[in-house]
Amino acid sequence: MDNIGMPNVSDIAKVGEATTGFIGAVNRLLPGISLRSIQKANSKTTKLILSDLKRIAEWGAELGLSDETIRELQFDAVKRHRRTVNLAGVLEYAENEIRDDADVSCVEDDWLESFHDHAEKVSNPDVQVIWGKLIAGEINNPGTYSKRLMSVISDMSTTDAQSFSTLCSLSIQSIVPQNENGGI
(Lines give C-alpha, C1' and ligand atoms only; values in the text may rest on other atoms or scores of the structure.)
Protein backbone atom coordinates (compact mmCIF):
# COMPACT_ATOMS: atom_id res chain seq x y z
CA MET A 1 0.00 0.00 0.00
CA ASP A 2 1.12 3.50 -0.65
CA ASN A 3 0.90 6.36 1.83
CA ILE A 4 -2.80 7.04 1.09
CA GLY A 5 -3.87 3.40 1.42
CA MET A 6 -4.04 2.47 -2.25
CA PRO A 7 -2.61 -0.92 -3.23
CA ASN A 8 0.54 -1.20 -5.26
CA VAL A 9 1.13 -3.85 -7.91
CA SER A 10 2.91 -6.25 -5.51
CA ASP A 11 -0.08 -6.12 -3.12
CA ILE A 12 -2.40 -6.96 -5.97
CA ALA A 13 -0.12 -9.76 -7.18
CA LYS A 14 -0.32 -11.32 -3.69
CA VAL A 15 -4.10 -11.42 -4.01
CA GLY A 16 -3.69 -13.22 -7.32
CA GLU A 17 -1.31 -15.80 -5.81
CA ALA A 18 -3.67 -16.48 -2.94
CA THR A 19 -6.51 -17.11 -5.35
CA THR A 20 -4.95 -20.40 -6.41
CA GLY A 21 -5.12 -21.73 -2.86
CA PHE A 22 -8.63 -20.40 -2.38
CA ILE A 23 -9.99 -22.03 -5.49
CA GLY A 24 -8.17 -25.27 -4.68
CA ALA A 25 -9.78 -25.32 -1.25
CA VAL A 26 -13.19 -24.48 -2.69
CA ASN A 27 -12.68 -27.28 -5.23
CA ARG A 28 -12.05 -29.70 -2.36
CA LEU A 29 -15.06 -28.47 -0.40
CA LEU A 30 -17.30 -28.12 -3.44
CA PRO A 31 -16.22 -30.69 -6.04
CA GLY A 32 -16.84 -30.03 -9.70
CA ILE A 33 -14.70 -26.97 -10.30
CA SER A 34 -12.23 -27.91 -13.02
CA LEU A 35 -8.47 -27.30 -12.95
CA ARG A 36 -8.93 -25.13 -16.04
CA SER A 37 -11.32 -22.93 -14.07
CA ILE A 38 -8.76 -22.62 -11.27
CA GLN A 39 -6.03 -21.58 -13.71
CA LYS A 40 -8.29 -19.07 -15.47
CA ALA A 41 -9.37 -17.52 -12.18
CA ASN A 42 -5.79 -17.21 -10.97
CA SER A 43 -4.61 -15.49 -14.13
CA LYS A 44 -7.55 -13.07 -14.12
CA THR A 45 -7.53 -11.99 -10.49
CA THR A 46 -4.81 -9.36 -10.65
CA LYS A 47 -6.24 -7.95 -13.87
CA LEU A 48 -9.70 -7.81 -12.34
CA ILE A 49 -8.57 -5.94 -9.25
CA LEU A 50 -6.68 -3.39 -11.33
CA SER A 51 -9.63 -3.11 -13.68
CA ASP A 52 -12.01 -2.57 -10.75
CA LEU A 53 -9.84 0.21 -9.38
CA LYS A 54 -9.57 1.86 -12.78
CA ARG A 55 -13.34 1.63 -13.41
CA ILE A 56 -14.10 3.10 -9.99
CA ALA A 57 -11.83 6.05 -10.78
CA GLU A 58 -13.40 6.54 -14.21
CA TRP A 59 -16.99 6.25 -12.98
CA GLY A 60 -16.24 8.49 -10.04
CA ALA A 61 -14.84 11.15 -12.36
CA GLU A 62 -17.85 10.83 -14.70
CA LEU A 63 -20.23 11.26 -11.78
CA GLY A 64 -18.24 14.18 -10.43
CA LEU A 65 -17.37 12.45 -7.18
CA SER A 66 -14.65 13.94 -5.04
CA ASP A 67 -11.20 12.36 -5.02
CA GLU A 68 -11.80 11.39 -1.41
CA THR A 69 -15.00 9.53 -2.31
CA ILE A 70 -13.28 7.75 -5.19
CA ARG A 71 -10.45 6.67 -2.87
CA GLU A 72 -13.01 5.38 -0.34
CA LEU A 73 -14.73 3.32 -3.04
CA GLN A 74 -11.38 1.96 -4.21
CA PHE A 75 -10.41 1.16 -0.64
CA ASP A 76 -13.69 -0.75 -0.21
CA ALA A 77 -12.96 -2.79 -3.36
CA VAL A 78 -9.48 -3.65 -2.11
CA LYS A 79 -10.93 -4.58 1.30
CA ARG A 80 -13.35 -7.00 -0.36
CA HIS A 81 -10.50 -8.56 -2.32
CA ARG A 82 -8.38 -8.79 0.85
CA ARG A 83 -11.18 -10.57 2.67
CA THR A 84 -11.29 -13.09 -0.16
CA VAL A 85 -7.57 -13.69 0.34
CA ASN A 86 -8.07 -14.11 4.10
CA LEU A 87 -10.82 -16.66 3.56
CA ALA A 88 -8.60 -18.43 1.04
CA GLY A 89 -5.90 -18.77 3.69
CA VAL A 90 -8.34 -20.30 6.14
CA LEU A 91 -9.72 -22.74 3.56
CA GLU A 92 -6.21 -23.80 2.53
CA TYR A 93 -5.55 -24.93 6.11
CA ALA A 94 -8.91 -26.69 6.25
CA GLU A 95 -8.47 -28.55 2.98
CA ASN A 96 -6.06 -31.22 4.29
CA GLU A 97 -8.01 -31.70 7.53
CA ILE A 98 -11.32 -32.64 5.95
CA ARG A 99 -12.02 -36.36 5.76
CA ASP A 100 -12.81 -37.84 2.35
CA ASP A 101 -16.17 -39.10 3.61
CA ALA A 102 -17.20 -35.72 5.08
CA ASP A 103 -20.28 -34.01 3.64
CA VAL A 104 -20.35 -30.21 3.77
CA SER A 105 -24.08 -30.24 3.04
CA CYS A 106 -24.63 -31.53 6.61
CA VAL A 107 -23.34 -28.25 8.05
CA GLU A 108 -26.09 -25.73 8.80
CA ASP A 109 -26.30 -22.77 6.42
CA ASP A 110 -26.48 -20.30 9.31
CA TRP A 111 -23.31 -21.78 10.79
CA LEU A 112 -21.48 -21.49 7.45
CA GLU A 113 -22.64 -17.89 7.05
CA SER A 114 -21.39 -17.01 10.54
CA PHE A 115 -18.10 -18.80 9.86
CA HIS A 116 -17.65 -16.85 6.62
CA ASP A 117 -18.31 -13.54 8.37
CA HIS A 118 -15.65 -14.24 10.99
CA ALA A 119 -13.02 -16.06 8.91
CA GLU A 120 -12.82 -13.47 6.14
CA LYS A 121 -11.50 -10.93 8.66
CA VAL A 122 -8.56 -13.09 9.81
CA SER A 123 -5.26 -12.06 8.23
CA ASN A 124 -2.80 -13.60 10.72
CA PRO A 125 -1.66 -17.00 9.35
CA ASP A 126 -1.48 -18.51 12.86
CA VAL A 127 -5.07 -17.55 13.53
CA GLN A 128 -6.10 -18.74 10.05
CA VAL A 129 -4.89 -22.21 11.11
CA ILE A 130 -7.34 -22.12 14.04
CA TRP A 131 -10.22 -21.13 11.77
CA GLY A 132 -9.18 -23.76 9.23
CA LYS A 133 -9.28 -26.43 11.92
CA LEU A 134 -12.64 -25.12 13.08
CA ILE A 135 -14.31 -25.42 9.65
CA ALA A 136 -12.69 -28.80 9.02
CA GLY A 137 -13.89 -30.07 12.40
CA GLU A 138 -17.41 -28.87 11.73
CA ILE A 139 -17.49 -30.45 8.27
CA ASN A 140 -16.08 -33.71 9.64
CA ASN A 141 -18.54 -33.74 12.59
CA PRO A 142 -21.45 -31.34 12.03
CA GLY A 143 -22.74 -29.73 15.23
CA THR A 144 -19.39 -29.90 17.01
CA TYR A 145 -18.78 -26.15 17.24
CA SER A 146 -21.34 -23.49 18.08
CA LYS A 147 -21.75 -20.07 16.53
CA ARG A 148 -21.15 -18.65 20.00
CA LEU A 149 -17.71 -20.30 20.08
CA MET A 150 -16.90 -18.56 16.79
CA SER A 151 -17.85 -15.22 18.35
CA VAL A 152 -15.60 -15.87 21.34
CA ILE A 153 -12.67 -16.88 19.13
CA SER A 154 -13.16 -13.88 16.86
CA ASP A 155 -12.98 -11.56 19.87
CA MET A 156 -9.64 -13.01 21.04
CA SER A 157 -6.42 -11.22 20.31
CA THR A 158 -3.39 -13.24 19.21
CA THR A 159 -2.01 -12.94 22.76
CA ASP A 160 -5.33 -14.14 24.22
CA ALA A 161 -5.33 -17.13 21.87
CA GLN A 162 -1.76 -18.04 22.79
CA SER A 163 -2.53 -17.77 26.51
CA PHE A 164 -5.66 -19.86 26.11
CA SER A 165 -3.75 -22.47 24.13
CA THR A 166 -1.10 -22.64 26.86
CA LEU A 167 -3.79 -23.03 29.51
CA CYS A 168 -5.50 -25.81 27.55
CA SER A 169 -2.22 -27.65 27.07
CA LEU A 170 -1.67 -27.94 30.81
CA SER A 171 -2.68 -31.24 32.31
CA ILE A 172 -5.39 -31.17 34.92
CA GLN A 173 -3.10 -33.35 37.01
CA SER A 174 -0.56 -30.57 37.22
CA ILE A 175 -3.21 -28.22 38.56
CA VAL A 176 -5.05 -30.48 41.01
CA PRO A 177 -2.81 -32.04 43.70
CA GLN A 178 -3.12 -35.80 44.04
CA ASN A 179 -2.66 -37.96 47.14
CA GLU A 180 -0.29 -40.92 47.33
CA ASN A 181 -2.87 -43.34 45.92
CA GLY A 182 -3.39 -41.27 42.77
CA GLY A 183 -6.69 -39.80 43.98
CA ILE A 184 -7.58 -36.21 44.58
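Visitor: What should I keep in mind about the model and its numbering?

Guide: This is a predicted model, in which local features need pLDDT of at least 70 and side-chain atom pairs count only at pLDDT 80 or more, while totals for chains, interfaces and linings use all residues. Residues are numbered from 1 along each chain as its sequence is written, and side-chain values use heavy atoms, with hydrogens and water left out.

Visitor: What volume does the largest pocket have, and which residues are closest to its centre?

Guide: Rolling a probe the size of a water molecule over the atoms shows where empty space is left. A pocket is an open set of points on a 1 Å grid over the protein atoms alone where a 1.4 Å probe fits, with protein on both sides within 12 Å along at least five of seven lines, and its lining residues have an atom within 4 Å of a point. Of its 21 lining residues, the closest to the centre are Val127, Ile130, Ile153, Met156 and Ala161.

Visitor: Which helix gives the most to that lining?

Guide: Helices are DSSP runs (H or I, at least four residues) numbered from the N terminus, and H7 gives the most, with 6 residues. Helices H5 (125-140), H6 (147-155) and H7 (158-169) each supply at least two residues of the lining.

Visitor: How does helix H3 compare with its expected span?

Guide: The expected span is 1.5 Å times one less than the number of residues. Helix H3 (residues 67-95) has 29 residues and reaches 42 Å from its first C-alpha to its last, close to the expected 42 Å.

Visitor: How are the rings of tryptophan 111 and phenylalanine 115 arranged?

Guide: Rings of Phe, Tyr and Trp (its six-membered ring) pair if their centres lie within 6.5 Å, and planes under 30 degrees apart count as stacked, over 60 as edge-to-face and the rest as tilted. The structure holds 2 aromatic pairs. In one of them, tryptophan 111 and phenylalanine 115 have ring centres 5.7 Å apart and planes at 5°, so this pair is stacked. Both residues lie in helix H4 (residues 109-119), 4 residues apart, about one turn of the helix.

Visitor: Which parts does the pair of phenylalanine 115 and tryptophan 131 tie together?

Guide: This pair is tilted, with 5.9 Å centre to centre and 55° between the planes. Phenylalanine 115 lies in helix H4 and tryptophan 131 in helix H5, so the pair ties together parts that are 16 residues apart in sequence. Trp111, Phe115 and Trp131 form one aromatic cluster.
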